[in-house]
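Thanks, everyone, for making the time this morning. Let me put the structure up first, and then I will take you through it slowly.

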Amino acid sequence: MKAVTLTGAALAALLATTCAWSQTSTAQALAELRGYALLIRTGQFDLAPKAMSLVETLLKAEPNNPEVLNAYAIANFNVLAASSQKGIDMAVAMPALQKGSAAFEKAAALAPDNADALAGRGASRTLMGSFSNNQELIAKGVADMNRAVELAPNSPVPRLQRAFFGVNMPAGLRPDAGVEADLKQLIAWGTPREKDVLNLLLGDLYAETGKLDLAKTHYEASNRAGSTKADLAQQRLTAVAKGRVGPAEIQSLRSQLGSNCVMCHAN
Ligand code: HEC
């Protein structure tokens, strides 16, 4: 009996050690992946495949870990962003989009209160819904993105997802109040370079909804000395003085959010 007890205790100790070890190594790999994501956003797109192979190994070991699934989804979206640098390659883009979306779906199903998973699922659903003209899916996506911000109002990812996917949604379906709140919050958190673009995006949202005075205020903020977007801000100010900012100009900036990471993130 004694031997059995000892064996049981030894086994339990061994299992505990193994679990602790695997938790540490998972946390380390996730930290490494975050490091990759922070470099990729500054234009080092050649790191996207490296991040992908690291997260694929991790996912094989932990297929039901929501954080790993989130990281795998992000890695896929970074492969998508990398592929769109030199003209979008559909053979790379479509599978990445599908795998990324499926991973966010699974993460949010496993962890319904995980804000990053919900934000990612919401963003994917609005995108997929727009492609297939599925209004019900778009509405579900918006509900996910709203709930993600409710759960974690001080976390950047849910704000970024709702703001960036939100501005690209058709007016009427777009969660205007949420997007406005997110852009304001991101401006408060952002670096000067990030703020230069975010102020244009917020100004455009106001211009589009007829709030020209507010639009002007934010275009002026982006026209500061040393602004990376001063030219664009001046064009917007000229347009707003004439009473209207053209939809093509607005769309041109919004359409860059998923690929032109360096306009906000490079030094
Ligand atoms: C309009 C500006 C803008 C663009 C374009 C943009 N980002 Fe960001 N991003 C932000 C802001 C603002 C934050 C939050 C503050 C920060 O971390 O710098 C952020 C944060 C991040 C983070 C950290 C998130 C976290 O967990 O804290 C990553 C990773 C990131 N961005 C990647 C990207 C990638 C990849 C792209 C291109 C596909 C991109 N960003 C495009 C503005 C932008």
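Of the 24 residues around the ligand, the ones that come nearest are Ala37, Arg41, Val197, Cys261 and Cys264, where near means that the C-beta atom, placed from the backbone, lies within 6 Å of the molecule. Please keep in mind that this is a predicted model, in which local features need pLDDT of at least 70, side-chain atom pairs count only at pLDDT 80 or more, and totals for chains, interfaces and linings use all residues. Residues are numbered from 1 along each chain as its sequence is written.

Among the elements that give two or more residues to the shell around the ligand are helix H1 (2–40), helix H3 (66–83) and H9; helices here are DSSP runs of H or I with at least four residues, numbered from the N terminus. By class, that shell has 15 nonpolar, seven polar and two charged residues, with Ala, Val, Leu, Ile, Met, Phe, Trp, Tyr, Cys and Pro counted as nonpolar, Asp, Glu, Lys and Arg as charged, and the others, Gly among them, as polar.

Turning to helix packing, the axes of helix H9 (residues 192–208) and helix H11 (residues 230–241) come within 11 Å and cross at roughly 15°, the axes being lines fitted to C-alpha atoms over the stretch in contact, with angles from 0 to 180 degrees between N-to-C directions. H9 is therefore roughly parallel to H11, a label for angles under 35 degrees. On the H9 side the contact is made by Leu200, Gly203 and Ala207, and on the H11 side by Leu232, Ala233, Arg236 and Val240, contact meaning C-beta atoms, placed from the backbone, within 7 Å. By class, this contact has five nonpolar, one polar and one charged residues.

Key: Angles under 35 degrees count as roughly parallel, over 145 as roughly antiparallel, 65 to 115 as roughly perpendicular and the rest as oblique. Two residues are in contact if their C-beta atoms, placed from the backbone, lie within 7 Å.
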